Amino acid sequence: MSQSSTAPPEIGRKRPPAATRTAGWFGSVAAGANVGTWSVLAAAVLWGTTGTAATFAPRGSSPLAIGAAAMGIGGIAMFLGSRRAALRLITTGVGGRALWLGAGFIVVYPLAFYTSMSDAGVAIGVTLSIGSAPIAAALIERFRHGRHRSRGWAATVAVAVVGATLLGTGQADFGHRSALQQLTGVILALVAGCAYAGYSVAASEINSRGAGSRATVGALFGLASLVLIPVLLITGSTLIASTRGILVAGYLGLIPMTLGYVLFGHGLRTATASHATALSLLEPAVAAVLADLIADQHLSRLGWLGIGLAVASVLLQTRSFDSGTRRPRAPTP
């Protein structure tokens with residue numbers, strides 16, 4: 001039931017005060033977005049710092065090592081932060097196949113994502129990985145759960161993908177990469193996008209079965225770290241041999257990964273995976289701005305236009321989030 005049907009008629013017609021009107025459209029966006037939406041947006045901002053942070057890694061650091069360090073260290077921290085609930089989730093089988101599939105997707109994502117940036121370039125790798133994720137998530141939800149997405153969702157995602165494409169085009173630098181290396185990077189970026197979508201759907205399913213968000217991410221990332229930490233030890237001799245490399249790995253693992261995925265998991269309690277991955281399209285815009293300001297990777301006018309479209313899409317997502325995509329909050333174990 002709408003608010004106007006329960007409030008006195010004169011209140012429904014009352015003109016808002018000037019101070020309220022000055023908030024304008026952005027104020028209505030903020031009022032319409034729920035806590036889960038803002039949690040996902042905060043996670044996207046944190047994730048947007050990873051590309052710039054990775055540029056501070058010692059020269060010669062393997063992209064596999066950087067990805068394994070980010071998710072592996074973060075996975076251990078997330079597991080320790082909710083160890084009892086995470087262990088209970090693993091041992092009781094509440095998560096079912098989604099738990100093991102989700103952990104597998106987490107293993108694949110960083111290895112494919114960071115390698116794609118090394119082979120195809122940062123702009124192309126980030127654009128394809130993040131841009132393909134909401135589409136992949138929507139397809140998984142459609143075939144697995146029969147869930148249809150609205151035309152409004154499709155339109156806003158299309159705007160964001162166009163923006164991300166412009167951003168990637170404006171920043172693209174193929175350098176001396178061979179055609180085979182570029183193709184490999186593109187394929188790995190799409191693999192990373194599908195893995196990100198797969199993890200998001202798996203975590204959403206586990207949450208819908210009554211698991212708390214912290215227990216879910218703790219269990220998923222804890223299991224994934226059992227594979228990622230050995231990968232780090234095998235490939236990370238250059239990364240972990242210096243204080244700077246350890247600091248970069250520690251930052252990536254504890255801030256954007258641990259805090260970011262805890263926020264993202266909280267958002268998945270009230271948002272579908274396709275909606276959450278659409279909101280995370282803010283990440284390339286944040287990454288590009290930081291690269292321009294800190295890493296001296298200046299954006300072209302085309303790139304700035306892409307950022308504007310990506311941000312506009314995210315703002316539209318926060319406003320047009322329809323109630324049909326929301327689920328009741330799951331109890332925390």
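Q: Is V191 buried, partly exposed or exposed?
A: V191 counts as partly exposed, at 36% relative accessibility. Buried means under 20% relative accessible area, exposed over 50%, and partly exposed in between, with a 1.4 Å probe and protein chains only.

Q: Before we go on, what kind of model is this?
A: This is a predicted model, where local features need pLDDT of at least 70, side-chain atom pairs count only at pLDDT 80 or more, and totals for chains, interfaces and linings use all residues. Residues are numbered from 1 along each chain as its sequence is written, and side-chain values use heavy atoms, with hydrogens and water left out.

Q: OK, back to V191. Which helix is that in?
A: Helix 11, which covers residues 179–208. Helices here are DSSP runs (H or I, at least four residues), numbered from the N terminus.

Q: And which residues form the nonpolar patch on the surface?
A: V108, L180, L183, I187 and V191, with about 430 Å² of accessible area together. Helix 11 gives the most to that patch, with four residues. Patch members have over 30% relative accessible area and no salt bridge; nonpolar side chains (Val, Leu, Ile, Met, Phe, Trp, Tyr) are joined within 5 Å, and like charges within 9 Å. The areas come from the Shrake-Rupley method with a 1.4 Å probe, and for residues only the protein chains shown count as cover.

Q: Now the inside. How many residues has the largest nonpolar core?
A: It has 60 residues, and those with the most contacts inside it are Y109, Y199, L220, F221, L239, Y261 and F264. The largest share, ten residues, comes from helix 8 (residues 96–120). A core is a set of buried Ala, Val, Leu, Ile, Met, Phe, Trp, Tyr and Cys residues joined through side-chain atoms within 4.5 Å.

Q: What does F264 contact, leaving aside its neighbours within four places in sequence?
A: S39, V40, A43, W47, Y196, Y199, S200 and A276. Contact means heavy atoms within 4.5 Å.

Q: Lots of rings in there. How many aromatic pairs does the structure hold?
A: Twelve. One of them is W47 with Y261, a tilted pair at 4.7 Å centre to centre and 45 degrees between the planes. Rings of Phe, Tyr and Trp (its six-membered ring) pair if their centres lie within 6.5 Å; planes under 30 degrees apart are stacked, over 60 edge-to-face, and the rest tilted.

Q: Where do W47 and Y261 sit in the chain?
A: W47 is in helix 4 (residues 35–47) and Y261 in helix 13 (residues 243–267), 214 residues apart. W47 is buried at 3% relative accessible area, and Y261 is buried at 4%.

Q: Why is the pair of Y109 and Y196 called tilted?
A: Because the planes of Y109 and Y196 are at 45 degrees, with the ring centres 5.8 Å apart. Y109 lies in helix 8 and Y196 in helix 11, so the pair ties together parts that are 87 residues apart in sequence.

Q: Switching to charges: how many salt bridges does the count come to?
A: One. E205 forms a salt bridge with R209, the closest N and O atoms being 3.9 Å apart. The rule asks for a side-chain nitrogen of Lys or Arg within 4 Å of a carboxyl oxygen of Asp or Glu.

Q: Are those two buried or exposed?
A: E205 is buried, with a relative accessible area of 8%, while R209 is partly exposed at 41%.

Terms used
Helix = DSSP H or I, 4+ residues; strand = E, 2+ residues; numbered from the N terminus.
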